[in-house]
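Work through the exercises below with the model at hand, and try each task before reading the solution that follows.

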Amino acid sequence: MKKIISFFREKFDKSLLPVFALAAAAFLFYVPVLSFDYTWLDDIYLIFSRNSELRSFSFSDLLKQDFFLTGQSSSYLFYRPLALLPWIIAAKLAGTSLWIYHLENVLFHIAASLSLFALMRRVGISEKASFVAMATFLFSVTGAAIAGFVPNLSYPMLLSFINLSFISGINFLRGKKIRFLFSHLFFFMLGMFTLETAVGFVPVFIFYALFVSSKENKSISMDSWKTAFGISALYAAVFMLWYALRKCAIGGGMPSRDFSLVLDKIGRASCRERV
């Protein structure tokens, strides 16, 4: 036990104490939210009306269902298995009691704020400015909307995954260590399975890799282009995996029709293999 305590004492950065204190204060600030009732908006349909389906849901079917658990095949359904997972767990633990759903929102909001602070520090922004940005996000109107409205859970989840992916990507660009590349892609994949809008992260990071990170070397070298091209190919692989699973689960193409026959064939082949 003493060895464990001494290990954490050595690893813990005391300069981060105000950051964790702020996170704890935010949790206490949002505690009253746990007693909030249904708003009679989206939460009635997403949580209350289909609570029996959520409680009886099998985790092995998580990648096989659309976000609304309709069991239908349509281009216009959402495929967001990770966004659905916290609600399934909450329903199994507390049924229609809303406190646990609000608790998930609060915890993910705090996690997103911590990841925002970590990302800002990683890109070289001062500790003070990062702390102020984190505090502003924690106690902003956006934070209140996330904590108070259960259907907003997917947004802090997405922000957490994308921030962690960005941090891992920066570490990879600076050290070229494969483990950071894997974690970069892993968190990006988690983001894709939470909200499909995570795809918007791709051009942002490619721009960073080419025009921001390369400034450390005073110019955009051929290695920078090769790295950007290689990462783009891996992004495409992650996207094709997401698309194939989506195709197999809910059928149809993308909401704006199939933009590629190749992706269609990959999706159908994947379904045939699983059958």
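## Exercise 1: Surroundings of a serine

Task: Decide whether S154 is buried or exposed in this predicted model, and list its contacts.

Solution: S154 has a relative accessible area of 10%, and because buried means under 20%, S154 is classed as buried. As for its place in the fold, S154 is found in helix α9, which covers residues 154-175. Leaving aside residues up to four places away in sequence, S154 touches A83, T194 and L195.

## Exercise 2: Charged pairs

Task: How many salt bridges are there, and which residues form them?

Solution: The count comes to two salt bridges, with a side-chain nitrogen of Lys or Arg required within 4 Å of a carboxyl oxygen of Asp or Glu. In one, the closest N and O atoms of D61 and K64 are 3.8 Å apart; D61 is partly exposed at 29% relative accessibility, and K64 is partly exposed at 43%. In the other, the side chains of R80 and E196 meet at 2.7 Å, N to O. This pair links distant parts of the chain, 116 residues apart, with R80 in the loop between α4 and α5 and E196 in the loop between α10 (178-192) and α11 (201-212). R80 counts as buried, at 14% relative accessibility.

Methods: Residues numbered from 1 in each chain as written. Predicted model: local features only at pLDDT ≥ 70, side-chain atom pairs only at ≥ 80, totals over all residues. Heavy atoms only, no water. Helix = DSSP H or I, 4+ residues; strand = E, 2+ residues; numbered from the N terminus. Buried < 20%, exposed > 50% of the residue type's maximum accessible area, 1.4 Å probe, protein only. Contact = heavy atoms within 4.5 Å.
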